[in-house]
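Hi everyone, thanks for coming.

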Amino acid sequence: MQNSLDPAMPLLEVRGISKSFGAVHALQEVDFTLRAGEIHALLGENGAGKSTLIKVVTGVFPRDAGIVRIGGEDIAPRSAKAALAAGIATVYQEVNLLPNLSVAQNLFLDRQPMRFGIVREGEMRRRAKALLADFGLDIDVAAPLGSYSVAIQHVTAIARAVDLSARVLILDEPTASLDRHEVEILFRIMRQLAKRGIGIVFVSHFLDQVYEISDRITVLRNGRLVGERETASLPRLELIRLMLGRELAETTSARASAGEHKAREVCASFENFGKAGYVAPFNLELRHGEVVGLAGLLGSGRTETARLVFGAERADRGQARVEGTPVRLQSPRDGVRHGFGYCPEERKTEGIVAELTVRENIVLALQAKRGLHRPLSRREQDEIARRYVKMLDIRPADPERPVGLLSGGNQQKVLLARWLATSPRLLVLDEPTRGIDVGAHAEIIRLIRELCDDGLSLLVISSELDEIVTYSDRVVVLRDRAHIEELAGEAIDVGNILAAIAADSVAVALEAHT
Amino acid sequence: MRGLPPVLITAIVLVTGFAACAMQFPNIASTRVVGNLLTDNAFLGIVATGMTFVIISGGIDLSVGSVIGFTTVFVALAIERWGVPPPVAFVAILVLSAAFGAAMGAVIHIFDLPPFIVTLAGMFLARGASFLLSTESVPITAPVYSTVSDFALRMPGGGRLTAIAIIMLVIVIGGALLLHLTRFGANVYALGGSRATASLMGVAVGKMTVKIYMLSSLLAGIAGIVFSFYTSAGYSLSAVGVELDTIAAVVIGGTLLTGGQGSVIGTFLGVLIQGMIQTYINFDGTLSSWWTKIATGVLLFAFIALQQALVALARRPAAKRAGAAP
Ligand SMILES: Nc1ncnc2c1ncn2[C@@H]1O[C@H](COP(=O)(O)OP(=O)(O)OP(=O)(O)O)[C@@H](O)[C@H]1O
Ligand SMILES: [Mg+2]
């Protein structure tokens with residue numbers, strides 16, 4: 001380690017980087033400077049070019065122009081491996097690691113402890129366990145990574161990058177699928193690393209986190225650098241203005257219609273619904289024009305509830321009713337037939353078809369619902385695609401672009417559009433705002449409300465309690481795969497939700513009941 | 001361990017199948033029959049070991065049968081016509097086949113072409129080249145050939161473990177060790193999981209691709225030499241269609257055709273199952289040898305269906321594992 005720690009000398013220096021994909025100028029003459037020992041937030045709207053900058057710097061994409069220096073030396077890595085050799089470790093935004101390999105193999109891929117050319121499996125597992133223990137994770141590291149939740153996979157990816165002990169650590173939206181507790185652990189580790197002189201680049205759409213952890217901020221807009229500031233001297237509104245290039249219309253005010261919901265008709269109800277070993281039986285009523293939030297820690301059963309409600313997982317007890325009529329709900333097909341829609345949290349594996357265009361992705365569910373013998377005409381498809389691209393501000397506004405080439409946040413919007421296009425009666429959204437920028441975030445929350453006013457019933461999962469509080473009429477709190485509390489009206493606030501999540505004694509008492 | 005359940009099923013199929021055969025023809029359960037089975041399928045076991053690496057890495061190698069054919073012709077001509085000493089001929093053909101595989105791997109990686117297409121071209125190329133060398137069967141009479149053919153370890157019960165069977169067993173064991181215990185092996189699984197992700201995680205995907213196809217062709221070359229020992233001849237039409245038997249053995253052995261999972265031991269069991277069916281048909285005497293293909297086909301279907309079911313099961317979000325310790 002050559003850490004002479006000259007604060008004036010930048011650790012990583014990027015000058016005049018440009019990158020185009022065909023006609024799209026993803027980056028134009030971008031500069032970026034990272035000092036040793038600092039945590040530097042890289043911010044911008046969806047599609048601003050953050051991930052592209054990271055990929056160009058680490059050699060995943062060839063650059064059109066510009067230079068990259070690390071410790072004063074020019075580097076031109078041509079692969080992630082070469083970047084690593086130059087001292088840059090990266091967790092890319094879309095990283096899923098390798099689900100077919102064990103957790104330990106994922107952590108130590110290509111750098112396993114060896115003896116006489118043979119991987120020391122026992123030693124590797126021991127180290128993997130110790131490494132994950134730092135992140136508060138105690139799991140069987142010999143099991144395939146794919147058998148664990150997205151959050152655990154993400155922690156594993158971060159742990160791997162941290163353990164590479166490079167001079168520069170780049171984390172592209174590392175906290176998107178983590179809950180508060182894990183974020184705290186990550187931040188603690190980031191601070192430790194920064195103290196050791198490592199420079200950290202941190203991309204996030206959670207501004208609270210940015211203010212909590214970062215020393216400096218660089219903002220990109222439409223592929224251009226718009227500013228580099230000290231975090232402490234950059235007020236939040238100013239930051240948002242830099243990112244969006246305009247003021248953000250204020251959205252947060254409590255829902256107007258609280259209390260009114262009692263009069264609304266029940267859209268779908270679930271009685272003693274559950275599945276052994278998956279989610280404890282619960283009762284849930286979803287009314288027209290109402291948002292029900294599901295809150296709880298990771299692994300508390302939120303996603304599992306959503307999958308049962310949609311039919312993606314088969315319940316082994318209880319009765320589902322739609323508009324009062326008992327229905328069978330055994331497969332996603334049943335769900336779609338009853339007018340349910342489901343936006344899963346794992347958009348890469350469960351939602352987006354990367355090779356298809358934006359238009360094709362948007363009409364997918366609608367077409368499936370209509371059946372193959374009633375194809376949508378091309379004109380109808382174009383019309384639908386154009387409407388949603390505009391409504392959700394999907395960028396670039398080109399319905400014929402393969403979805404795989406969109407930025408992460410824009411892919412998320414396409415997925416949302418797909419289900420909106422089916423005009424469902426009940427829409428289940430699992431982390432709808434994850435990876436979505438502040439502008440679009442406000443847009444989506446406004447949209448959620450508008451949809452409700454049109455009579456749609458919504459079940460929304462989110463790790464962001466502020467967000468849940470903003471749009472929910474009722475909040476169901478989960479813990480250890482059971483519904484433990486339902487809050488309504490005035491009772492909905494962050495404090496109450498946290499209290500419910502933390503109330504061990506209450507949870508235990510309730511569990512004893514069921 | 002990875003891939004164990006499908007392997008277990010393959011093992012169960014083999015054991016019950018063997019038991020059923022032995023009930024009908026008690027003579028089958030003898031070291032003599034088993035020894036012959038290993039000898040007859042030695043070349044298949046060797047290529048299948050290489051194919052296992054290719055398929056686990058998410059690829060396919062259709063050229064192996066042609067490489068075997070080319071090797072037999074080349075070796076026969078070199079020894080009999082060109083007067084090359086056998087060891088030199090062997091080394092030359094192994095270098096040649098390894099280079100051939102490396103070239104296919106490089107083309108697949110650099111031009112980002114489907115392995116199916118590239119190795120299909122390789123298949124025609126190698127087969128065509130062997131016809132160019134000679135269209136007729138060339139018998140090999142060199143003394144090494146009779147020495148090697150006569151060599152065998154006696155097993156209790158009168159069976160013979162021949163030299164080529166031993167070569168096959170050594171390669172299978174070596175292949176299993178390489179796949180399961182080394183960094184190279186772990187990278188093979190990584191490529192099968194996802195090439196793009198493996199590359200982002202710092203695996204040298206290009207080099208790995210070249211090495212994997214090189215290994216497959218090299219083993220096909222060795223299988224070709226073994227085949228020439230087995231038949232004492234070189235013939236441009238030998239081992240036609242062997243690539244398909246090989247793929248079948250790999251899949252029956254529990255390796256996922258889409259990559260990412262599998263084992264060499266499973267492949268070896270798959271080879272034995274095919275050999276067992278062949279042996280049964282020989283014992284029966286009335287059945288056409290095409291029944292081997294039909295039985296193999298049925299087994300293949302059964303295994304692919306089984307794997308799909310297992311994959312579907314694995315995809316379901318694992319409720320039991322989702323919890324993280326606070
Ligand atoms: N491989 C690619 N081919 C073509 N265009 C691409 C490719 N990758 C990114 N783009 C385009 O480059 C632009 C910048 O995308 P990038 O992924 O860098 O955005 P981002 O700032 O990371 O956004 P997000 O916050 O949504 O992740 C977008 O317009 C995107 O459509
Ligand atoms: Mg991005």
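In which sense do strand β3 (residues 39-43) of chain A and β10(A) pair, and over how many bridges? They run parallel, with four bridges between them. Keep in mind that this is a predicted model.

Within that pairing, Ala41(A) sits opposite Phe202(A) of β10(A). β10(A) also pairs with strand β9 (residues 168-172) of chain A, again in the parallel sense, over five bridges. There, Val168(A) stands opposite Gly199(A) in β10(A).

Five of the five residues of β10(A) are buried, so the strand is largely enclosed by the rest of the structure.

On to the ligand. Ligand 1 has 21 residues around it, and among the closest are Gly47(A), Ser51(A) and Gly409(A). Thr52(A) puts a polar side-chain atom 2.5 Å from a ligand 1 oxygen. For Ser407(A), the distance from a side-chain N or O atom to an oxygen of ligand 1 is 2.7 Å, and for Gln93(A) it's 3.0 Å. The protein covers 89% of the 630 Å² of accessible area that ligand 1 has on its own.

Which helix gives the most to that shell? That's α1(A), with three residues. By type, the shell splits into seven nonpolar, ten polar and four charged residues.

Notes. Residues numbered from 1 in each chain as written. Chains lettered and ligands numbered in written order. Predicted model: local features only at pLDDT ≥ 70, side-chain atom pairs only at ≥ 80, totals over all residues. Heavy atoms only, no water. Buried < 20%, exposed > 50% of the residue type's maximum accessible area, 1.4 Å probe, protein only. Helix = DSSP H or I, 4+ residues; strand = E, 2+ residues; numbered from the N terminus. Pairing = 2+ DSSP bridges. Near = heavy atom within 4 Å. Polar contact = N/O pair within 3.5 Å; in protein donor to acceptor, adjacent residues only side chain to side chain. Areas by Shrake-Rupley, 256 points an atom, 1.4 Å probe, with all protein chains shown as cover. Nonpolar A, V, L, I, M, F, W, Y, C, P; charged D, E, K, R; others polar.
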